[in-house]
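Visitor: I have a structure to go through before the group meeting. Could you take me through it in a few steps?

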Amino acid sequence: MQQERLALLAGEIAQARDLLAEMHALQETHIADEESRLLPRLPQTARWPARIYIAEHRKLTSMLADLRAALAPLAAHIEDGATRLNLLDAQMPFKHVIEHHFEREEKGLLVEIST
């Protein structure tokens, strides 16, 4: 995500699109693995039930699709600093949700399935 945000900062929209496509592929693999291999092992007494993780996955998938769609019609390079800043600002909610989700996995899911 940092590389993609740096590409946006530099106005390198084509590079940012490529990096978001890579992020999409990684996210899809992560979600599939987590939902098929880890969530079924989550105990009933877990701090956060499986449905919370699944809901976050759906939200992250939707948010990433929106980010990709926002970049799709843009030129390969953008000089305008205000446009670049707006693109970075538009990503803050996604960045926040994904960081929160990873923290939930580290403090909840991964701990609870290993005990």
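This is a predicted model: local features need pLDDT of at least 70, side-chain atom pairs count only at pLDDT 80 or more; totals for chains, interfaces and linings use all residues.

Visitor: Then take Q91. Is it buried or exposed, and why?

Guide: Q91 counts as buried because its relative accessibility is 2%, and the cut-off is under 20%.

Visitor: Where is Q91 found?

Guide: Q91 belongs to helix α4, which covers residues 81-112.

Visitor: And which residues does Q91 touch, leaving aside those up to four places away in sequence?

Guide: Q91 makes contact with E4, R5, L8, L20 and L67.

Visitor: Which of them gives the most?

Guide: Helix α2 does, with seven residues in the lining of the largest pocket.

Visitor: How many residues line that pocket, and which lie nearest its centre?

Guide: The lining has 15 residues, and M1, M23, L26, Q27 and I98 are the ones nearest the centre of the largest pocket. By type, the lining comprises eight nonpolar, five polar and two charged residues.

Visitor: Now the rings. How many aromatic pairs are there?

Guide: By the rule applied here, the count of aromatic pairs is zero.

Visitor: What sits over the ring of W48, then?

Guide: The charged end of R104 does, at 4.6 Å from the centre of the W48 ring.

Note on methods:
Residues are numbered from 1 along each chain as its sequence is written. Side-chain values use heavy atoms; hydrogens and water are left out. Helices (H or I, at least four residues) and strands (E, at least two) are DSSP runs, numbered from the N terminus. Buried means under 20% relative accessible area, exposed over 50%, partly exposed in between (1.4 Å probe, protein chains only). Contact means heavy atoms within 4.5 Å. Rings of Phe, Tyr and Trp (its six-membered ring) pair if their centres lie within 6.5 Å; planes under 30 degrees apart count as stacked, over 60 as edge-to-face and the rest as tilted. A charge sits over a ring if NZ of Lys or CZ of Arg is within 6 Å of the ring centre and within 35 degrees of the ring normal. On a 1 Å grid over the protein atoms alone, a cavity is a set of points where a 1.4 Å probe fits but cannot get out, and a pocket is an open set with protein on both sides within 12 Å along at least five of seven lines; lining residues have an atom within 4 Å of a point. Ala, Val, Leu, Ile, Met, Phe, Trp, Tyr, Cys and Pro count as nonpolar, Asp, Glu, Lys and Arg as charged, and the others, Gly among them, as polar.
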